[in-house]
Amino acid sequence: MDHKTVEEYVLSMPNAKLDYPFGEDVAVYKVGNPPAGGKMFALIAEKSNPVRISLKCNPELSEILRAKYATVMPGYHLNKKHWNTIVVSDKWDWEELKGLIRHSYDLVTGIK
């Protein structure tokens, strides 16, 4: 999966917006409106190959994913309990990754 494919799915979430609050090297995807400016639910390192995406995650699921996949690690520069960084190798199932993106979005928006 390439950056464009992953980004298109992330931005397909209702009211998702792209921002660069940390500089041009990290694409930050938020949902919500000012004054807070929205809540982050995904971050993608620009120009990373393979794609590196950080997603919010239920802490129990985070532990399961980290044990199952060598390409899932605690969130880079994020709260290690609630965020994972995933190196999206060709071994990742696209449907599973989309489910984790949706899970992150749902956690941030409060959707059950």
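Helices (H or I, at least four residues) and strands (E, at least two) are DSSP runs, numbered from the N terminus.

Before going on, note that this is a predicted model, in which local features need pLDDT of at least 70, side-chain atom pairs count only at pLDDT 80 or more, and totals for chains, interfaces and linings use all residues. Residues are numbered from 1 along each chain as its sequence is written, and side-chain values use heavy atoms, with hydrogens and water left out.

**Stop 1: isoleucine 86**

Isoleucine 86 has a relative accessible area of 2%, so it is buried. Buried means under 20% relative accessible area, exposed means over 50%, and partly exposed lies in between (1.4 Å probe, protein chains only). Now show what surrounds isoleucine 86. Its contacts, leaving aside neighbours within four places in sequence, are Val51, Arg52, Ile53, Leu55, Thr71, Val72, Trp92, Leu97 and Leu100. Contact here means heavy atoms within 4.5 Å. Pick out isoleucine 53 from that group: the C-alpha atoms of isoleucine 86 and isoleucine 53 are 5.3 Å apart in space, and the two residues are 33 residues apart in sequence.

**Stop 2: proline 50**

Select proline 50, in the loop between strand E3 (39-45) and strand E4 (51-56). The peptide bond that joins asparagine 49 and proline 50 is cis, with omega about 5°. Most peptide bonds are trans. Proline 50 is partly exposed, at a relative accessible area of 33%. Not counting residues up to four places away in sequence, proline 50 touches Val87 and Val88.

**Stop 3: arginine 66**

Move to helix H2 (residues 59-68) and select arginine 66. Is arginine 66 buried or exposed? It is buried, with a relative accessible area of 18%. Its side chain makes a polar contact with the side chain of asparagine 84 at 2.6 Å. The side chain of arginine 66 also reaches the backbone oxygen of tryptophan 83 at 3.0 Å. A polar contact is a pair of N or O atoms within 3.5 Å; within protein, one must be able to donate a hydrogen and the other to accept it, and residues adjacent in sequence count only if both atoms are side-chain atoms. The residues that arginine 66 touches, not counting those up to four places away in sequence, are Val72, Met73, Pro74, Gly75, Lys80, Trp83 and Asn84.

**Stop 4: H2 against H3**

Two packed helices are described by the angle between their axes and the distance between the axes. The axes of H2 and H3 cross at roughly 155° and come within 13 Å. That angle makes H2 roughly antiparallel to H3. Axes are lines fitted to C-alpha atoms, for helices over the stretch in contact, and angles run from 0 to 180 degrees between N-to-C directions. Angles under 35 degrees count as roughly parallel, over 145 as roughly antiparallel, 65 to 115 as roughly perpendicular and the rest as oblique. Show the side chains of Leu61, Leu65 and Lys68 in H2 with Glu96, Leu100 and His103 in H3, which make the contact.

**Stop 5: H1 against H3**

Next select helix H1 (residues 3-11) with helix H3 (residues 94-109), which pack at about 40° with their axes 10 Å apart. H1 is therefore oblique to H3. At this contact, Thr5, Val6, Tyr9 and Val10 of H1 meet Trp94, Leu97, Lys98, Ile101 and Arg102 of H3.

**Stop 6: two loop residues with positive phi**

Most residues other than glycine have a negative phi. Select asparagine 15, in the loop between H1 and strand E1 (16-19). Its phi is near 65°, a positive value in a residue other than glycine. Asparagine 15 is exposed, with a relative accessible area of 59%.

Finish at histidine 77, in the loop between strand E5 (72-74) and E6. Histidine 77 is not a glycine, yet has a positive phi of about 60°. Its relative accessibility is 66%, so histidine 77 counts as exposed.
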